[in-house]
Amino acid sequence: FRCREIVMIVSVSETPIEKQRGDAIVLSFFEDERPLKGASGILDWELRGVFSRLLAERKLHGSFGETAMFFSTKRQYCYLYLLFGLGSTRDYTYHRLMGIAGIIAETLVKLGRREFIMTLPGSHLCELAYPRATEVLVRGLHEGLNKAVETGDDMHLTIVDDSEQTDEIVLGLHQAKVALK
């Protein structure tokens, strides 16, 4: 996918999120999601409950667009974890997904991160169709990159999904490619 002079290279991986290696891992959660589930819950456990502690201390809420950044030196080299709030599960729509994708892209550019790993935001709790959600995610990232970047290096996105939805995600990637032409 081309964003001005930037190429966004997207791959899909069935390797669990906790075994991924990359420049940044992008996570998301809802304000009415306790305990954390999906990728955020798994990595919270891996990081000894750092996200849960901040939620319990009310320093993290999950409101739409809220962003938290964490560093970990676990597993040989530094990881950057970005945690994005999705708001309420009942208010989560494709429009909201498009909005958070733009926020994610702009944040990554500001941080100088060109390689990132994520699951489909909200897919662990909401009933959004995987092909459409994937298309909306990529279009939202594309719009966010266009706002934030003039030219630069390629962006590498790995979408992680081990829930047997890989074919549907790939279909969504094809739909996004057609929509962005």
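Me: Hello! I am new to this structure. How many helices and strands does the protein have?

Reply: Welcome! Do keep in mind that the model is predicted. The protein has 5 helices and 7 strands. Going along the sequence, their order is β-β-β-α-α-β-β-α-β-α-β-α.

Me: How compact is the protein?

Reply: The general idea is to set the radius of gyration beside what the globule rule gives for the chain length. Here the radius is 15 Å, close to the 16 Å given by the rule for 181 residues, so the protein is as compact as a globular protein of that length.

Me: What share of the residues counts as buried?

Reply: A residue counts as buried when its relative accessible area is under 20%, and as exposed when it is over 50%, with partly exposed in between. In this protein, 50% of the 181 residues count as buried.

Me: Now to charges. How many salt bridges does the structure hold?

Reply: To find one, look for a side-chain nitrogen of Lys or Arg within 4 Å of a carboxyl oxygen of Asp or Glu. The structure holds 4 of them. One of these joins arginine 113 to aspartate 23, with 2.8 Å between the closest N and O atoms. This pair links distant parts of the chain, as its two residues are 90 residues apart. Arginine 113 sits in the loop between H3 and E6, while aspartate 23 sits in the loop between strand E2 (6-13) and strand E3 (24-29).

Me: Is aspartate 23 buried or partly exposed?

Reply: Aspartate 23 is partly exposed, because its relative accessibility is 27%.

Me: Which residues are linked in a network of salt bridges?

Reply: Arg132, Glu135 and Arg139 form such a network. Start with glutamate 135, which pairs with arginine 132 at 3.7 Å, N to O. Glutamate 135 also meets arginine 139, here at 3.6 Å. Arginine 132 and glutamate 135 are 3 residues apart in helix H4 (residues 130-148), about one turn of the helix. From glutamate 135 to arginine 139, also in helix H4, the spacing is 4 residues, again about one turn.

Me: Why does glutamate 135 count as buried?

Reply: Its relative accessibility is 11%, and the cut-off for buried is under 20%. Arginine 132, at 35%, counts as partly exposed. Arginine 139 is partly exposed too, with a relative accessible area of 22%.

How values were computed
Residues are numbered from 1 along each chain as its sequence is written. This is a predicted model: local features need pLDDT of at least 70, side-chain atom pairs count only at pLDDT 80 or more; totals for chains, interfaces and linings use all residues. Side-chain values use heavy atoms; hydrogens and water are left out. Buried means under 20% relative accessible area, exposed over 50%, partly exposed in between (1.4 Å probe, protein chains only). The radius of gyration is taken over C-alpha atoms; the globule rule is 2.2 Å times the number of residues to the power 0.38.
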